[in-house]
Amino acid sequence: MDPKKPINPLSPETEAQNEEAEVETTAPAPPEPDTEETIIEETPPDAQESPAPPEAPDDEKDSDEKAEIPDILPLLPVRDIVIYPYMIIPLFVGREASIQSVDEALSKNRLIFLAAQKNMEDDEPEPDKIYRTGTVATIMRMLKLPDGRIKILVQGLAKGMITDYIQTRPYYIVRIEKIKEKAVPEITLEIEALMRTVKEQLEKIVSYGKILSPDLVVILDNIDDPGRLADLISSNLGLSVDKSQEILEIQDAVKRLKRLNEVLGKELEVLEMQAKIQSEAKDEMTKMQREFFLREQLRAIKNELGEGDEKSKEAKEIKAAIEKAKMPKDVKKEALKQLARMEQMHPDSAEASIVRTYLEWMTELPWKKATKDNLDIKKAKAVLDEDHYDLVKVKERILEYLSVNKLRKELKGPILCFAGPPGVGKTSLGKSIARALGRKFVRISLGGMRDEAEIRGHRRTYVGALPGRIIQSIKQAGTRNPVFMMDEIDKIGMDFRGDPASALLEVLDPEQNNAFSDHYLNVPFDLSQVMFITTANLTDPIPSALKDRMEILQLSGYTDEEKLKIARKYLIPRQIEENGITENDIDFSNNAILGIIRHYTREAGLRNLEREIAGVCRKIAMKIAENNHKGKTKITSGNLHNFLGVPKFLDEEDSRENQIGVATGLAWTQFGGEILHIEASIMKGKGQLSLTGQLGDVMKESAQAALTYARSNAKALGIKDALFKTNDIHIHVPAGAIPKDGPSAGVTMVTSLVSALTGIPIHWNIAMTGEITLHGKVLPIGGLKEKLLAAIRANITKVLIPYENKKDLAELPGFVKNKLTIIPIKRMEEILPVVLTEDPYKKAKTAKKEKTTGEP
């Protein structure tokens, strides 16, 4: 090969590196010598080498000028590489069609057209799967290999484009059009800067470890043609086929160099990021190795000082803690097994930390530790009475438990549910029970809980796993028999993470909770000695299976007199102490306390009452702090507004008058009982019934039943049938913004409707409750105590209740029965004569008699 011949300036070593980029293979190649020259000298016996190509004259500048390039040439599709002009590279040819194309070229002028195929996996690419732009090359050398393949050394001469396929079988012959690149007339400052930038970026890429020919960077300094520079760098950079083909197809030399500059920039960014990642990984590895080395040194120093191995010391301490915890046999076996596993682990490994935390939980749980119950019944009763007023039924249940426990040891803990309105003392009662029993008290809130793992815990395979709230609270209590309160059990949620209410079935079942299994511990824990107390405002939302496991104790609201006594005994002393004042600074009169109860609060419980009392105490504390307070301040009903402002609730004076069509009913809410005024009005119309006041479906049905009863008994009540056809009836239940529903307003609706139709007023101080049937039978209702307390708060003196609720009167406090005249009734006909100011049945009979006899 003539040294003056313009070829790709690559050394033989670089050529040898390019041999690894096999373009077309059909079978694994045999081991190849290091350089092409060696290949020629050490030709296998069964290989035949073609003669070397004729050398070009010295005075030719471009290899493509040594001979005329014909328009028709054999085509060799190549994979994984794009051939550029002036590029010398060995190619392995294995496909039969490709071998025939090479033979065709060698039999003529050694010229062949090289074009990249679009899909490297395609063994027989169709014309549309081959790029149209390629390079005319000359076959410099050819070597036949023993496995049937041939190896050729080609040099790119000039770019060309396929214009037509002359032959497709058995090999491709194509018509090409030579692409003549316009020479750059002048190297401007912009082009010079672009060329320098490309060279600098290539040097940076090489500095990041990109493997290129050592002579390439030196040769690039001597090239001043932008097109030649772009082709030389592109051919040696190892770009993807798509990018290399894109650069090859750009005919303008300057544009081609700009595109190459963009590709180099992106490649440089990738290499910089790669170097950064490797550097960080190396730094992290170095840090870990350094820490490991220091720990080993520290361990060796401790051994020299006689302090012993830290790992063995820790294992001994944990084993001693396991023995001290007095675990059940199976639990102890599991703990020792985990300890043995931990001893085999490196102390700094993540898994060792998980096992260590697990063993700490196991050893800190109170497997056998329990508090001794206070079995002095009288003392326990005194404690309960000291903390809470009334609540006789609940106190009796606790004393019953203590009495049985005194007679029979190891009694299972009861599972109680305190149900009642907010503020009646459910949670504080749990604390009082713990104090009376001499047990520890723990509490969790179930409101809004949606994850089952909150109850059962997470499995140890999860990062940051912990036991559930049950086991956590038992550990917090430090004993295996605390009083465990679960607040708001009626407000448990449920979603894709599980159903906490179902998980509580095992906890609150006396037959199962002696072997409660937490997912984190994975060993049974005995909860049978725990006294579980749950609280709820409503029992309806509690799942029936869970409700069945609990003993439900209803806590109703308080009367004004009860609130007065509770305020005197508990609330006022507590707020005086919490606000930093003394009994010598403030004095509440009974009328003042009743004024707060009736005009500043309206609730079944005591929360708002205590809040208002605290407000008065703060006003006194502020005066003392400002030195404006002298002596004791007397709080009376007359000066109460100076401390609490304008009353929030006023007595309904208009409701204390007997009115037509306005009846007083009783309703139950989750906050206690409420009175309900039901109004009925008659107007000219077409016999339609209108219902307003945000009534639910059940109340709407009660109104329809009331109208049906009135129409079916119109004759007995003295109501003309025409009245229903020529008038519209409107029933309204204030307040309109509050949704209402329930069946117990049936009798009240009938009374209101009959009053409006007959024109007879209703007694304002008589209230009623009960569900009505179409035939006038009064059905029983629930929440009787709460409704009666609401009647007392509203100054009602007489209440009509369903006859079947008569049995509930035995459980009512004596003051309720003393303040109210309670009349059980069976049918609607018994209610109207009592509630209306005039008996409608007698009035109807009298009117009928007068009409018959003509006598007044």
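Q: Is I572 buried or exposed in this model?
A: In this predicted model, I572 is buried, because its relative accessible area is 7%, and the cut-off for buried is under 20%.

Q: Okay, and where does I572 lie?
A: I572 lies in helix α19, the helix that covers residues 560–578.

Q: Which residues does I572 touch, leaving out those up to four places away in sequence?
A: With those neighbours left out, I572 touches A567, F588, I593 and I613.

Q: What about C617, how many residues apart are I572 and C617 along the chain?
A: They are 45 residues apart along the chain, while the C-alpha atoms of I572 and C617 are separated by 8.8 Å.

Q: Switching to the whole protein, what does the secondary structure come to?
A: The secondary structure of the protein comes to 30 helices and 24 strands.

Q: And how many of the residues are buried, as a percentage?
A: Of the 856 residues in the protein, 47% are buried.

Q: What about contacts between residues at least 6 apart in sequence?
A: Among those contacts, 74% join residues that are at least 24 apart in sequence.

Q: Now helices: how are two packed helices described?
A: Two packed helices are described by the angle between their axes together with the distance between those axes.

Q: So what are those values for α4 and α6?
A: The axes of helix α4, residues 189–207, and helix α6, residues 226–236, come within 11 Å and cross at roughly 15°. That makes α4 roughly parallel to α6, because angles under 35 degrees count as roughly parallel.

Q: Is that crossing left-handed or right-handed?
A: The crossing of α4 and α6 is left-handed.

Q: Which residues make the contact?
A: On α4 the contact is made by I191, M195, V198, K199 and L202, and on α6 by P226, L229 and I233. Sorted by class, the contact of α4 with α6 has 7 nonpolar, no polar and 1 charged residues.

Q: What about α12 and α13, at what angle do they pack?
A: Helix α12, residues 377–387, and helix α13, residues 392–407, pack at an angle of about 155°, and their axes are 10 Å apart. The two helices, α12 and α13, are therefore roughly antiparallel to each other, because the cut-off for roughly antiparallel is over 145 degrees.

Q: Left-handed or right-handed this time?
A: α12 passes α13 in a right-handed crossing.

Q: And which residues are in that contact?
A: From α12 the contact includes I377, A380, K381, L384 and D385, and from α13 it includes K395, I398, L399, L402 and S403. By class, the contact of α12 with α13 has 6 nonpolar, 1 polar and 3 charged residues.

Technical notes. Residues are numbered from 1 along each chain as its sequence is written. This is a predicted model: local features need pLDDT of at least 70, side-chain atom pairs count only at pLDDT 80 or more; totals for chains, interfaces and linings use all residues. Side-chain values use heavy atoms; hydrogens and water are left out. Helices (H or I, at least four residues) and strands (E, at least two) are DSSP runs, numbered from the N terminus. Buried means under 20% relative accessible area, exposed over 50%, partly exposed in between (1.4 Å probe, protein chains only). Contact means heavy atoms within 4.5 Å. Axes are lines fitted to C-alpha atoms, for helices over the stretch in contact, and angles run from 0 to 180 degrees between N-to-C directions. Angles under 35 degrees count as roughly parallel, over 145 as roughly antiparallel, 65 to 115 as roughly perpendicular and the rest as oblique. A crossing is left-handed if the near helix is turned anticlockwise from the far one by less than a right angle, and right-handed if clockwise. Ala, Val, Leu, Ile, Met, Phe, Trp, Tyr, Cys and Pro count as nonpolar, Asp, Glu, Lys and Arg as charged, and the others, Gly among them, as polar.
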